[in-house]
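Please examine the sequence and the model shown below.

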Amino acid sequence: MRTQDRVQVNKVADAIAKSQEYLLSMQYPAGYWWAELESNVTITAEVVLLHKIWGTDKTRPFHKIETYLRSQQRQHGGWELFYDDGGELSTSVEAYMALRLLGVPATDPAMMRARDFILQRGGISKTRIFTKLHLALIGCYDWRGIPSLPPWVMLLPPAFPVNIYEMSSWARSSTVPLLIVCDNKPVFLVDPTINLDELYAEEVDQVQYELPRQGDWTDLFLTLDQGFKLAESLNLVPFRQEGIKAAEKWILERQEVTGDWGGIIPAMLNSMLALRCLGYDSADPIVERGLQAIDNFVIETEDNYCVQPCVSPVWDTAWVIRALIDSGFAPDHPAIVKAGEWLLQKQILDYGDWAVKNPQGKPGAWAFEFDNRFYPDVDDTAVVVMALDAAKLPNESLKQAAIARALNWVASMQCRAGGWAAFDLDNDQEWLNAIPYGDLKAMIDPNTADVTARVIEMLGACNLSIEPRNLERALSYLLAEQEPEGCWFGRWGVNYIYGTSGVLSALALINPQKYQQNIERGAAWLVGCQNSDGGWGETCRTYNDPSLKGQGRSTASQTAWAIIGLIDAGEATGKFSKEAIARGIDYLVSTQKSDGTWFESDFTGTGFPCHFYLKYHMYQQYFPLIALGRYQAIKLKQEFSKK
């Protein structure tokens with residue numbers, strides 16, 4: 001081995017050891033790993049609103065939220081959807097609302113800068129539907145401008161073309177409680193009482209409380225909305241009480257013992273609003289559990305208090321197991337065993353909402369969070385299976401039975417298009433994204449390349465099999481999804497680097513000879529978008545503007561994804577992009593901090609493309625370790641082959 005290569009190998013070994021030591025120090029006593037899941041400030045702002053509505057704000061240190069929100073305001077006066085995006089209107093309006101509810105006057109210099117930012121972008125009238133809905137709850141916007149959601153939607157059977165199970169799991173768990181809220185159209189008295197008239201670009205008496213027209217077929221929904229509103233005004237909404245009772249029953253049935261709904265803050269907040277509209281008392285055990293569940297998502301420090309949109313212990317734990325084993329840990333290391341046994345305990349053996357469209361499937365999946373019985377997902381399940389397969393546990397027969405059950409569930413979740421979605425089967429009625437209420441364009445959960453790739457990678461990595469015809473359908477779907485440039489779209493990670501890395505790993509494991517051309521095109525695209533500093537990065541703006549594919553400042557997580565994809569592609573084809581991989585490894589080694597960690601400001605996780613992004617604080621730790629570990633394994637293999 002050349003001296004230069006030997007130096008790099010030594011540096012890599014040192015970086016791996018420091019990273020492993022850090023991750024071991026982060027393991028919780030129960031065996032899992034879990035770090036902050038950061039989003040924009042709207043989640044925290046909406047929690048302020050909820051507690052003000054319930055009158056429970058005085059029991060929490062909300063003065064720290066003011067500190068947090070002020071710290072997140074940028075120089076231009078607004079608040080961001082993702083790091084360094086230049087500020088976003090709806091996010092800024094909700095942050096401003098929260099600060100006013102916390103007692104900050106409109107004359108505060110920070111508020112005046114925020115007001116100028118908001119007015120320059122059109123003010124409240126140009127915000128998204130959900131921002132307007134939150135403002136309507138306290139009389140700062142008129143319910144006339146909110147789409148009507150007739151409660152009888154709850155009564156439509158699953159066999160009907162339109163029903164709640166045609167919505168994505170996150171839309172469903174958020175929408176069912178809003179059927180109650182939007183029927184009630186409450187205006188809650190809060191302390192302090194505020195108005196936000198200063199945030200309207202037009203005079204308040206000139207505001208047009210109407211839904212925007214698109215000038216195409218989707219305007220039909222506006223006509224329907226007018227009909228719904230007329231029925232409401234005449235008290236002629238059919239099956240209104242029956243629908244409300246059905247929605248209430250649905251909400252109560254889906255509350256976890258821990259108080260959660262759906263494992264996500266929007267569903268939890270909306271369910272709590274629905275209970276408030278229904279007259280539940282703040283001392284009711286259901287309400288107390290719900291408030292406690294929201295508290296469990298809080299990150300509180302000496303000065304700050306903010307709320308995560310979700311928590312990711314199952315996801316983080318599975319990836320850390322893979323990272324430690326890929327970087328040289330024995331599969332039966334005590335930390336691995338403890339984590340593996342914790343994951344086994346988290347397998348969900350109950351039927352969830354997925355069973356409505358998949359009656360032939362049997363439970364056996366994993367969810368993202370600590371507790372989420374109704375909404376396990378394919379992506380988590382595939383990663384957990386790979387982690388468990390790599391680990392060696394005391395009760396191997398129990399582990400294998402859990403894997404077999406998970407495999408059967410995943411196989412049953414394959415969509416008619418050939419791929420896999422995250423939470424549901426054939427949840428793909430695209431027209432639902434056109435309804436006025438769905439302006440986040442996240443009403444459905446269709447199959448995607450990244451989730452499909454994860455399933456195929458699971459099959460190859462764990463030597464598992466499904467019906468050959470169904471595997472071919474999945475592979476055909478993946479090949480059809482390859483972009484002209486050679487890359488793949490990333491639905492759940494930013495963006496084409498994430499998608500491409502995952503597909504390369506999948507194809508490399510399942511049939512590299514047959515798909516060599518596709519693999520080489522994907523690898524070439526990754527090499528072509530490497531930055532001059534040796535890293536890779538991609539901006540969230542790629543979801544709005546695909547011409548930016550592969551472009552952005554380098555981050556540890558995205559660099560790691562690219563390296564993992566290139567290594568797997570090289571292993572499969574024998575054509576390693578040696579220089580690109582080595583430069584990427586140098587980037588990771590040189591940017592590692594002395595405590596073994598990496599840091600990135602950018603958001604590299606995706607909630608809803610174009611509308612909601614995430615920063616998983618563990619992504620910048622375990623993905624680089626996987627990349628370094630696989631690189632070290634290649635070098636050791638090459639060294640051994642020379643001997």
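The structure holds 4 cavities of 30 Å³ or more. On a 1 Å grid over the protein atoms alone, a cavity is a set of points where a 1.4 Å probe fits but cannot get out, and lining residues have an atom within 4 Å of a point. Grid points are joined across faces, edges and corners, and a volume is the space filled by probe spheres set on the points. This is a predicted model, in which local features need pLDDT of at least 70 and side-chain atom pairs count only at pLDDT 80 or more, while totals for chains, interfaces and linings use all residues. Residues are numbered from 1 along each chain as its sequence is written, and side-chain values use heavy atoms, with hydrogens and water left out.

The largest cavity has a volume of about 890 Å³. Its lining comprises 47 residues, and Trp170, Ile264, Gly607, Phe608 and Phe612 lie nearest the centre. Among the elements that each supply at least two lining residues are helix H2 (42-54), helix H10 (265-277), strand S4 (605-608) and strand S5 (612-616); helices and strands are DSSP runs numbered from the N terminus, a helix being H or I with at least four residues and a strand E with at least two. Helix H7 provides the largest share of this lining, 6 residues. By class, the lining has 26 nonpolar, 13 polar and 8 charged residues, where Ala, Val, Leu, Ile, Met, Phe, Trp, Tyr, Cys and Pro count as nonpolar, Asp, Glu, Lys and Arg as charged, and the others, Gly among them, as polar.

The second largest cavity has a volume of about 200 Å³. It is lined by 16 residues, with Trp319, Arg454, Glu457, Ser501 and Gly502 nearest its centre. Helix H19 gives the most to this lining, with 5 residues. The lining contains 7 nonpolar, 4 polar and 5 charged residues.

A pocket, by contrast, is an open set of points with protein on both sides within 12 Å along at least five of seven lines. The largest pocket contains about 530 Å³ of space. Of its 24 lining residues, Ile129, Leu211, Pro212, Arg213 and Gln214 lie nearest the centre. The lining divides into 8 nonpolar, 7 polar and 9 charged residues.

How many helices and strands does the protein have? The secondary structure comes to 23 helices and 5 strands. The radius of gyration is 25 Å, close to the 26 Å that the globule rule gives for 643 residues, so the protein is as compact as a globular protein of that length. This radius is taken over C-alpha atoms, and the globule rule is 2.2 Å times the number of residues to the power 0.38. Along the principal axes, the C-alpha atoms fill a box of roughly 85 × 55 × 50 Å.

Two backbone features remain. Most residues other than glycine have a negative phi, and most peptide bonds are trans. Lys185, in the loop between H7 and H8, has a positive phi near 50°. Pro192 lies in the loop between H7 and H8, and the peptide bond from Asp191 to Pro192 is cis, with omega near 5°.
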